[in-house]
Amino acid sequence: MTLTRKTSTGTTPSTEHSPAASRAPVRRISLLFVVGLALVLVGGAFAAVVNTDFGRVSVTDTRFTGEGGQSLGGLLYVPDGVTADSPAPAVLAVHGYVNSRETMSPVSIELARRGYVVLELDQAGHGTSAAPAFAHGYGGPAALRHLRSLDFVDRDNVGLVGHSMGGWTVLQAAAAVPDGYRSLVLMSSAPFPAGPSTGGGAAATPKGTTTFPRNTAVVVSTVEEFSGSMWQSANPVDINGAPNMESLFGTDSPVREGTVYGDVGAGTGRVLHRPSTVHAGVTHDPAAVGHVVDWFGRTLTGAGSAGGQVWWLKELGTLVAMVGGVLSVFGVAKTLARRPERPAVPAATGRGWWVAALAATAIPAITFIPVMKYAPKLFPPGAWFSQSVSNWVLAWALLNAVITAVALVPWLVRGWVPLSGVLPGSWRAAGRAVGLGAAAVGTMLGLVLASDLLFKTDFRFWVLAFRAPTAPQLVTAFCYALPLLVFFVVFSTLLNTQLRVGGRRGYWAAALVPSVGLAVLVLVQYSRFPFGGELVFPGYQLHTIVAYQVVVLLAVAGVLCVALFRWTGSVLPGAVASALLAAWCMTAGTATQAAVGEWGPVPWAVRLVLPLLAGVVLLVVAVRSRRGVTGSDSTSGGSGSVPA
């Protein structure tokens with residue numbers, strides 16, 4: 001009960017006799033976290049319903065040992081009623097480079113609904129499959145043998161489908177087990193040795209002929225960024241008449257779309273489809289998915305039918321879950337923040353702000369392709385940083401951190417950016433800041449792990465994904481997070497000082513300024529395609545696709561850094577959370593070229609000693625914070641007020 005007492009200024013609440021006076025203030029859980037958790041549960045459950053066709057398909061993790069003892073994994077879709085006594089036709093579905101098994105969900109869902117068993121493989125060095133990437137036929141031959149070993153699979157009715165580098169994976173399987181499949185689909189892939197721009201391992205791709213691979217459908221996007229490297233046709237408009245396309249189809253004229261060449265009964269059937277999408281969009285294009293389903297319906301027997309396509313509903317569910325996961329990061333941070341008064345730091349105004357914003361927008365875009373050009377040679381995968389694509393992004397981030405830091409030097413010298421106002425003032429404060437950022441992202445990680453356990457889904461939309469990481473991927477993410485923290489500290493300092501904007505406009509500025517430049521670069525890359533051209537910067541197809549993800553991550557990180565600065569008065573919590581989110585997204589969803597297990601004594605110490613020290617520091621901070629709360633209880637009891 002709240003009492004009132006008279007004072008010289010009037011009647012005010014009194015808590016002298018209230019039990020609350022002897023208790024510490026209770027933090028209210030942020031509404032952002034509650035909404036985020038709700039979206040994770042609703043989105044994950046909805047995605048699971050679609051993924052399992054309302055419970056009519058079992059979707060489970062599977063693990064098996066590949067060549068050379070390499071551990072391989074994937075998802076296994078088994079329709080109801082499929083048993084050893086009633087086997088079903090089966091399909092091996094394989095994603096492309098720097099992706100994971102879930103990329104093939106649209107194909108897997110639609111095939112499983114129609115009665116096919118589907119093995120959705122994580123190719124070697126990706127997802128749940130052990131490093132290194134490119135090893136042992138990308139894992140394709142072992143996966144096909146494993147699929148055929150299942151007693152509920154009709155071994156005379158097995159198909160193969162692969163997207164991009166996944167096409168090379170299934171081609172390796174077809175060459176290694178020539179009698180182990182009946183038909184094959186290449187989604188934006190080609191049965192020919194690829195050019196140097198597509199990366200390592202391509203030289204071993206088996207060459208296609210009129211008889212190999214058996215019964216092949218080629219589904220190539222109209223905006224095919226890799227047309228030159230895969231089909232030796234620089235302009236994707238000319239793919240139909242490319243010499244290797246004509247040789248695969250056994251014709252001396254451009255291949256007609258939708259026309260079946262050869263003889264399906266003899267295993268020499270060929271068909272070409274050109275859905276209107278980009279290279280990465282083929283896996284999520286209704287027309288492309290329909291072509292895959294139709295081809296297996298023509299070349300395999302024993303499957304049923306289903307009306308329409310529903311895979312996009314699962315994509316909607318995982319998008320909702322991803323939004324919920326990101327909101328949980330903000331919600332946990334807001335719940336834990338002590339909300340001190342924000343430090344008074346100056347910001348650029350007028351023309352100066354626009355000049356700084358333009359520079360912050362343009363420089364990341366200008367440096368993106370040059371860094372991607374030289375990073376593979378200067379920063380190859382190794383024991384500490386084991387992922388080629390992640391190394392490219394890290395090199396670009398560090399270069400931009402240096403450029404931004406140099407640009408901020410005049411502000412530092414003149415005292416316009418007082419570091420004492422944006423960085424923690426003590427080791428204890430720094431520990432709290434790190435702990436807050438880590439706890440926020442750790443909560444989202446826990447939600448992803450729970451979603452994987454309960455629903456067998458993750459947080460994703462198209463090429464952007466936050467998936468449940470393996471133990472080696474967690475270690476790898478930690479290695480990348482440390483140098484990425486340098487970038488995000490500078491990034492957050494810039495947004496919250498020189499580019500600071502008040503109110504809601506500040507969030508919009510934080511999202512757009514870092515990301516718009518790269519988004520424009522992507523649009524420029526594709527600007528020739530509507531006129532029948534090719535990429536403006538040829539040879540950087542993969543880098544452009546990587547930029548899709550970077551654009552979104554920068555926008556989210558910008559808002560996160562501004563929000564946490566407003567709630568804590570420090571740039572560090574937002575920088576820590578952003579570094580962890582970016583490292584997680586990068587490392588769990590791309591290829592690992594060097595195995596973590598190959599580390600020497602020093603990296604081993606990094607793997608064990610640094611996490612141990614971090615844990616001890618967090619425990620000490622927690623204990624000292626608890627003592628501080630207890631002390632405030634003892635001093636505030638009966639004082640007639642509760643600390644704010």
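**Overall organisation and local features of the predicted chain**

Among contacts in the chain (heavy atoms within 4.5 Å) between residues at least 6 apart in sequence, 76% link residues at least 24 apart. The structure is a predicted model, in which local features need pLDDT of at least 70 and side-chain atom pairs count only at pLDDT 80 or more, while totals for chains, interfaces and linings use all residues. Residues are numbered from 1 along each chain as its sequence is written, and side-chain values use heavy atoms, with hydrogens and water left out.

The chain contains 17 helices and 12 strands, taken as DSSP runs numbered from the N terminus (helices: H or I, at least four residues; strands: E, at least two). Of its 644 residues, 56% are buried, that is, under 20% relative accessible area with a 1.4 Å probe and protein chains only. The accessible surface amounts to about 26400 Å², with 65% belonging to carbon and sulfur atoms; these areas come from the Shrake-Rupley method with a 1.4 Å probe.

Helix H9 (residues 350–378) packs against helix H14 (residues 503–525) at an angle of about 40°, and their axes are 8 Å apart. The angle makes H9 oblique to H14, a class left after roughly parallel (under 35 degrees), roughly antiparallel (over 145) and roughly perpendicular (65 to 115). Axes are lines fitted to C-alpha atoms, for helices over the stretch in contact, and angles run from 0 to 180 degrees between N-to-C directions. The crossing of H9 and H14 is right-handed, the near helix being turned clockwise from the far one by less than a right angle. On the H9 side, the contact includes Trp353, Pro364 and Phe368; on the H14 side, Val513, Gly517 and Leu521 are among the residues involved. By class, the contact of H9 with H14 has 12 nonpolar, two polar and no charged residues. Here Ala, Val, Leu, Ile, Met, Phe, Trp, Tyr, Cys and Pro count as nonpolar, Asp, Glu, Lys and Arg as charged, and the others, Gly among them, as polar.

Most residues other than glycine have a negative phi, and most peptide bonds are trans. Val98, in the loop between strand E5 (88–94) and helix H2 (105–113), has a positive phi of about 50° and is buried at 9% relative accessibility. Ser164, between strand E7 (153–163) and helix H4 (165–176), has a positive phi near 55° and is buried at 10% relative accessibility. A cis peptide bond joins Ala131 and Pro132, with omega about 5°; Pro132 lies in the loop between strand E6 (117–122) and helix H3 (140–149). The bond from Phe212 to Pro213 is also cis, with omega near -5°.

Conventions
Buried means under 20% relative accessible area, exposed over 50%, partly exposed in between (1.4 Å probe, protein chains only).
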